[in-house]
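Colleague: Hi, can you walk me through this one? I'd like to start with what sits inside.

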Amino acid sequence: MSTLWLIHSRTPWQLYFVNFDLSTRRFLHLKERHLSVIDSPMTCSPVVLLNNYTEMFPRERIVYLSPDAEEELVDVDDEDVYVLGGIVDRVVERGIPRQASLETAHADGVSCKKLPLEKYVKWKSGTKFLTLTAVSAILRDVNNSCGDWESALSRHIPVRNVRSADEKSVAGRRLHDKIRQFDHQLLQILEREIGEEVSR
């Protein structure tokens, strides 16, 4: 997750990566390949812990974000703790429920909410799943602007999602097709690696 934008914020947020077993070879491999941000001097380095978030923060202040939640997030409060699950809900993984983030929030007894996409965005194509970076940036913008969801969402939601097929150029459609092919290949690799990890 890119955290450079946090440094330039008026009041930077502290990031926590929780449920990480720092001693495993798997974590060291992931850190080297995907989590270089942890040791980067150019970012607000996150705190990496083995603990669960419910052990660190009051449950009544925790808001678990999930696209499957029924209630929409109204504002972004300085006193609340926002959980962005590391599980990608759109990926079918062995042994992981399809609505994993929602089920986790319910199991942990914390509030679960979704971004107000239906209220502010006219979604025309693609799924309503956003990257962790996009969700983080949206939350930060809403907090900085005292609740301007419309501007935050329009700024960070990909253009491809708010344009219909007819509105997209031929070049844009080709690029979108390549992105989908890449996503498909990446998901196959993930499923294969997860399968190998489970079988060990």
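Modeller: Happy to. Buried means under 20% relative accessible area, exposed over 50%, and partly exposed in between (1.4 Å probe, protein chains only). Helices (H or I, at least four residues) and strands (E, at least two) are DSSP runs, numbered from the N terminus. This is a predicted model, where local features need pLDDT of at least 70 and side-chain atom pairs count only at pLDDT 80 or more, while totals for chains, interfaces and linings use all residues. Residues are numbered from 1 along each chain as its sequence is written, and side-chain values use heavy atoms, leaving out hydrogens and water.

Colleague: Thanks! Which residues of H5 are buried?

Modeller: Ala134, Val135, Ser136, Ala137, Ile138, Leu139, Arg140, Asp141, Val142 and Asn143. With ten of its 13 residues buried, H5 is largely enclosed by the rest of the structure.

Colleague: And what comes after H5?

Modeller: Cys146 follows H5, and its phi is positive, near 60°.

Colleague: Which residues touch the most other members of the largest nonpolar core?

Modeller: Leu73, Val76, Leu115, Ile138, Leu139, Trp149 and Leu153, out of 17 residues. A nonpolar core is a set of buried Ala, Val, Leu, Ile, Met, Phe, Trp, Tyr and Cys residues joined through side-chain atoms within 4.5 Å. Strand S3 (62-65), helix H5 (132-144) and helix H6 (149-156) each give two or more residues to this core. H5 gives the most, with four residues.

Colleague: New topic: is Leu190 buried or partly exposed?

Modeller: Leu190 counts as partly exposed, because its relative accessibility is 35%. You'll find Leu190 in helix H7 (residues 170-199).
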